[in-house]
Amino acid sequence: MSLHVEVRGTGPVPLVMLHGWAMHGGVMAPLAEALEARCTVYVVDLPGHGHSRDCGIPLEPSACAAAIAAATPPALWLGWSMGGLIALTAALERPRQVRGLGMVCATPKFVRDASWPYGSDPTLVRQLATDLETDYHATLERFLALEAMGSADPRAELRHLRALAFERGEPDLRVLQEGIRILDDTDRRAALPDLAVPSVWIAGHRDRLVHPQAMQWSSTQCGGRYDEIARAGHAPFFGHAEAVAQALNPLLDTWR
C-alpha cells in the first residue's frame, strides 16, 4: 500500500504538511483550509497512521522523508510535533526538495536532559512506551490530554482530538512504538546551523509538550523566524488557524 497524500487547494505555493504522533493528516484540516487560497497543500498521512496504516514504510525520519519526497513535488514543508522532526530531517538532507521549513510546536530534540532544559520529561516519554504494551487506548487518551493542556479550553480541545484521533482507523501499534523511540532518541540540534533553507518556528505560548523557549532557541541557531501564538497550546491550528497561517506568510513569501 502506498503512502496516502491528500491534495488540497490550488494556490501557487506548494506546501507539504506533516502531522504528529498517533494522529493523521485530517487533524491538520483547519490549517490546510486557511492556506488553500495561497497554497497547494499536500497533506500526508505518515506511515502507520490514518490511510497510510499499512504502507510499510519506516517512520525513521530519513527513510520517511525520502518516501514523502518521492511522492510530492519540490515544496515548502511544514511539520507539527513529531512531524516537525521528519520535516527538519528532510530540510537538512534534501534542500533541493524542501525549499523552506515551517515548524509548528516542534523541536530538534523532544526529551529533556542535562544539556537540554527545554525538553519534555524523559520519564513521561518512556512510560508512554511501556504503557502502549499494556493499555493501548488509555495511553493514547493520556497523550491526547497532554496535547490539549494549555489551550484556551482544554476539555473542548480534548473532545475534538479524541473525535479526530481514530477517524481514519487506529494507528499501527508497531509504528506508535517506533515513534516513541524517535521522540526519545532524535537530536538534530547540532545540525541547525547547517540548515540551508528559510524557516519559521511557530510556538503555542501555553504548550505543555514543546516549550516555546525550545523553539525560540532553535530559530536563533539556524537564522529562522520565531513566532508565538498567545493563547494556543500544543495544537495551535485548533482555534488559531488564521493566526498560524499569518505567521507562515514570511515563509510562503520565500517561494519562487
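A nonpolar core is a set of buried Ala, Val, Leu, Ile, Met, Phe, Trp, Tyr and Cys residues joined through side-chain atoms within 4.5 Å; buried means under 20% relative accessible area, exposed over 50% and partly exposed in between, with a 1.4 Å probe and protein chains only. The model shown in these views is predicted, with local features requiring pLDDT of at least 70 and side-chain atom pairs pLDDT 80 or more, while totals for chains, interfaces and linings use all residues. Residues are numbered from 1 along each chain as its sequence is written, and side-chain values use heavy atoms, without hydrogens and water.

**View A. The nonpolar cores.** The largest nonpolar core has 52 residues, of which Leu18, Trp21, Leu46, Ile68 and Trp77 touch the most other members. Helix α3 (residues 82-93) supplies the largest share of this core, eight residues. Helices (H or I, at least four residues) and strands (E, at least two) are DSSP runs numbered from the N terminus. Ile229, Ala232, Ala245 and Ala247 are among the members of a second, separate core of 37 residues.

**View B. The open sheet.** Seven strands lie in the order β1-β3-β2-β4-β5-β6-β7, with mixed pairing; two strands pair if DSSP finds at least two bridges between them. The edge strands, β1 (4-8) and β7 (225-229), each pair on one side only. Strand β5 (residues 98-104) runs parallel to strand β6 (residues 199-204), and four bridges join them. Met103 stands opposite Trp201 in β6. Helix α9 (residues 241-252) packs on the sheet and touches β2, β3 (39-45), β4 (75-80), β5, β6 and β7, where contact means heavy atoms within 4.5 Å. The direction of α9 makes about 165° with that of β6.

**View C. Surroundings of Pro14.** Pro14 belongs to strand β2 (residues 13-18) and is buried, with a relative accessible area of 10%. Not counting residues up to four places away in sequence, Pro14 touches Thr40, Tyr42, Pro74, Ala75, Leu76 and Trp255. The C-alpha atoms of Pro14 and Trp77 are separated by 8.5 Å, although these residues are 63 residues apart along the chain.

**View D. The packing of helices α4 and α5.** The axes of α4 (residues 122-134) and α5 (residues 136-148) come within 6 Å and cross at roughly 150°. Axes are lines fitted to C-alpha atoms, for helices over the stretch in contact, and angles run from 0 to 180 degrees between N-to-C directions. Helix α4 is therefore roughly antiparallel to α5, a term for angles over 145 degrees. Leu124, Leu128, Asp131, Leu132 and Thr134 of α4 make the contact with Tyr136, Thr139, Arg142, Phe143 and Leu146 of α5.

Note on methods
Angles under 35 degrees count as roughly parallel, over 145 as roughly antiparallel, 65 to 115 as roughly perpendicular and the rest as oblique.
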